[in-house]
Amino acid sequence: MKQQMSIKTVAAAAVLVAMNIILSRVFAINIGPTLRITISTTPIFLAGLWFGPLVGGLCGAAGDLLGSLFQGYAPNPLIMAAAVLCGLLPGIMKKYVFRGRISYWKILLIVALHGLAGSMGLTLLGLHLMYGRPLAELFVTRAVQTAALVIVNSILVNLLYVSPLTTYVNRMFLRTETRAGAGR
């Protein structure tokens, strides 16, 4: 059965993408061209947890694409793949691995897996190809950044996910789609 996204879900996803762009482009600490300290992945992780892998992945792609264009540089396909993974991974893990049961340790695992595959894998390779920096140099700086951001992002995602915000999202966005889809 084909499932469509409601206008409410698209609007909520757009807000999460806007938060991602603002956090990554305005409220970020840039340390050279290859290192940025930011909590911009938090809204994308939440998009995946709240709306599933499709919406989460689309939010990651849109945030990376729009953020790149706003800053005046071409998107890097490997870095965009890491952004897509940031939204896909929580949705897939929640739905298929954890069967909807999420705890702090599961969020930490999701964020850490993204840190390894996304930041230390795809993004590191994308930066190496884009800037020609040695992999060893990028690895050392990104390892420190990734370790710190895994801790910070997992705490933020957990705090927001266990807050009344998730109840609000479930009530306002997800239950209405379930009821609308039931009549088909």
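## Stop one: a glutamine and a backbone oxygen

Select Q145 and R36: a polar atom of the Q145 side chain lies 2.4 Å from the backbone oxygen of R36. Keep in mind as you look around that this is a predicted model.

Now stay with Q145 and color its helix. Q145 sits in helix α6, which covers residues 135–161. Is Q145 buried or exposed? Q145 counts as buried, because its relative accessibility is 7% and buried means under 20%. Next, show the residues around Q145: setting aside neighbours within four places in sequence, Q145 is in contact with L35, R36, I37 and S119.

## Stop two: the annotated spans

Which residues does the UniProt annotation "transmembrane region" cover? According to that unreviewed entry, they are 44–66, 78–98, 104–127 and 139–162.

- Residues 78–98: here the chain is 95% helix and 0% strand, with 27 Å between the end C-alpha atoms.

## Stop three: a charged pair

Side chains of opposite charge can pair when their charged atoms come close. How many salt bridges does the structure hold? There is one. To find it, select R133 and E137, whose side chains meet in a salt bridge at 3.0 Å, N to O.

Technical notes: Residues numbered from 1 in each chain as written. Predicted model: local features only at pLDDT ≥ 70, side-chain atom pairs only at ≥ 80, totals over all residues. Heavy atoms only, no water. Salt bridge = Lys/Arg side-chain N within 4 Å of Asp/Glu carboxyl O. UniProt positions renumbered as here; feature names shortened; annotations may be inferred. Helix = DSSP H or I, 4+ residues; strand = E, 2+ residues; numbered from the N terminus. Buried < 20%, exposed > 50% of the residue type's maximum accessible area, 1.4 Å probe, protein only. Polar contact = N/O pair within 3.5 Å; in protein donor to acceptor, adjacent residues only side chain to side chain. Contact = heavy atoms within 4.5 Å.
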